[in-house]
Amino acid sequence: MIKLYRFLQLTAQLLAYAYSALIVGYLILRLIFGDSLWPVGFVGDFLPWILLPIFLLPIIAFFLLKKRWFAIVSSVACLWLIGWLHVTYFSPQPANISDSQLSVKIFSANFGWHTKSPQALVDLIQSEKPDLICLQEINEDDTEAVFSKLAALYPHHRGRGYHVMLSRYPIRSFQGLHLAGLNEPQERAIIEMNGQDVVIYNISTTPPWINLHKILPFLRIPTYDYPHRPAQIKDLVRRLQKETLPVIAAGDFNLTEQSQDYHNLRAVMQDAFRTAGLGFGFTWPQGWEVNLLTKKLNWKLTFPLVRLDYVWYSQHWGAKSAKVLPGIGSDHMPVEAELRMLP
């Protein structure tokens, strides 16, 4: 029994110290390099989950390690984590704006090529009744089905596959984009809302991926690659800085709140969910099949782990509410936000 206890103690000590070293190392590297190092970018994308074991450290320190200094340090870390989680994720500050101001409800969803039927999407839209809809990764057949079923509610629509917009309001102009000159398409539209022109961006950036990189002639290691997204976000930020009209940008940005790209965007726009939403707001993966990453695994992830889908708005707006909506068969959860024009 003593030998078993000693084994558990040594194992707990090894795991606790190794985990603590990982967190400290991440924070130091992040401070120095940002997310330009792929291990830092990967850990940052899953940071809320990676930090949660901190709550176990004081218990391990008190009951197994018997290390007073480690118990004190880990307890302080727990208090810091509670404060960070509360301020960042559980303290929404929706705008207190009069109902008389111009209001718009925006719905955004990455429909996903593998989604078998658009009916769930149509049902959700009819239930939520947004004013403006931005869809990404929807094929032409499903686009036509959505347009036909929602024509009465949304007489104005543009796009014929991959990205489409539906609107209660007239769409005055519609322009296809390729941020940073890359293949991933995006759109910019001007919509007239009660006499006020509003710029809408429907966005999907190139997603990060895990690829094998050769470091020796006989050795390849998996690395977390996101070479194209920073260039796309920088291009988008430059475009947003030139806009003079009220702006809304919605879509699948393929980035998380811990990325440098997120902070570059937040320098010029506001994140509706972080302002007026409650919780982590995770949107991906929902029913994502892991064999897309490796053919050897047939697992399906049915619980969202990260937030990739956003509604952003310019200084002309205030966010009244924001939420993640029920799944529609895609690997992304839809998102929705209500914005009101500031007086």
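**Before starting**

The model is predicted, so to speak of local features a pLDDT of at least 70 is needed, while side-chain atom pairs count only at pLDDT 80 or more and totals for chains, interfaces and linings use all residues. Residues are numbered from 1 along each chain as its sequence is written, and side-chain values use heavy atoms, with hydrogens and water left out. Helices (H or I, at least four residues) and strands (E, at least two) are DSSP runs, numbered from the N terminus.

**Stop 1: helices α4 and α5**

Select residues 57-65, which are helix α4, together with residues 68-89, which are helix α5. Their axes lie 8 Å apart and the helices pack at an angle of about 165°, where axes are lines fitted to C-alpha atoms, for helices over the stretch in contact, and angles run from 0 to 180 degrees between N-to-C directions. That angle makes α4 roughly antiparallel to α5, a label given to angles over 145 degrees, whereas those under 35 count as roughly parallel, 65 to 115 as roughly perpendicular and the rest as oblique. The crossing is left-handed, a term for a near helix turned anticlockwise from the far one by less than a right angle, with right-handed used if it is turned clockwise.

Now show side chains. From α4, Leu 57, Pro 58, Ala 61, Phe 62 and Leu 65 take part in the contact, and from α5, Phe 70, Ala 71, Ser 74, Ser 75 and Cys 78, contact being defined as heavy atoms within 4.5 Å. Sorted by class, this contact of α4 with α5 holds eight nonpolar residues, two polar ones and no charged ones. In this scheme Ala, Val, Leu, Ile, Met, Phe, Trp, Tyr, Cys and Pro count as nonpolar, Asp, Glu, Lys and Arg as charged, and the others, Gly among them, as polar.

**Stop 2: the sheet that contains β1**

Which order do the six strands of this open sheet follow? They run β3-β4-β2-β1-β16-β15, with mixed pairing, where two strands pair if DSSP finds at least two bridges between them. The edges are β3 (156-158) and β15 (317-324), each of which pairs on one side only, and neighbouring strands are turned by 15° against each other on average, direction ignored. Inside the sheet, select β1 (residues 103-110) and β2 (residues 132-138), which pair in the parallel sense over five bridges; Phe 107 stands opposite Ile 133 in β2.

Two helices pack on this sheet. Helix α6 touches β1, β2, β15 and β16 (335-341), and its direction makes about 165° with that of β1. Helix α7 touches β2, β3 and β4 (162-167), and its direction makes about 5° with that of β4.

**Stop 3: α6 against α7**

Keep α6 (residues 119-128) and α7 (residues 140-150) on screen: their axes come within 10 Å and cross at roughly 35°, in a right-handed crossing. Gln 119, Leu 121, Val 122, Ile 125 and Gln 126 of α6 meet Val 146, Lys 149 and Leu 150 of α7, a set that divides into five nonpolar, two polar and one charged.

**Stop 4: the sheet that contains β5**

Another open sheet of six strands has the order β5-β6-β7-β10-β14-β11 and mixed pairing. Its edge strands are β5 and β11 (270-271), each pairing on one side only. Between β5 and β6 the pairing is antiparallel over six bridges, and Gly 176 stands opposite Glu 187 in β6. Helix α8 packs on this sheet, touching β5, β6, β7 (196-204) and β10, with its direction at about 175° to that of β7.

**Stop 5**

Within α8 (residues 229-242), select Asp 235. Is Asp 235 buried or exposed? Its relative accessible area is 11%, so Asp 235 is buried, the cut-offs being under 20% for buried, over 50% for exposed and in between for partly exposed (1.4 Å probe, protein chains only). Leaving aside neighbours within four places in sequence, Asp 235 is in contact with His 178, Leu 179 and Ala 180.

Move on to Ala 180, in the loop between β5 (171-177) and β6 (186-193). Ala 180 has a positive phi of about 60° although it is not a glycine, and at 35% relative accessibility it counts as partly exposed.

**Stop 6**

Finally, select Pro 285 in the loop between α10 (272-276) and β12 (288-289), where the peptide bond from Trp 284 to Pro 285 is cis, with omega near 0°.
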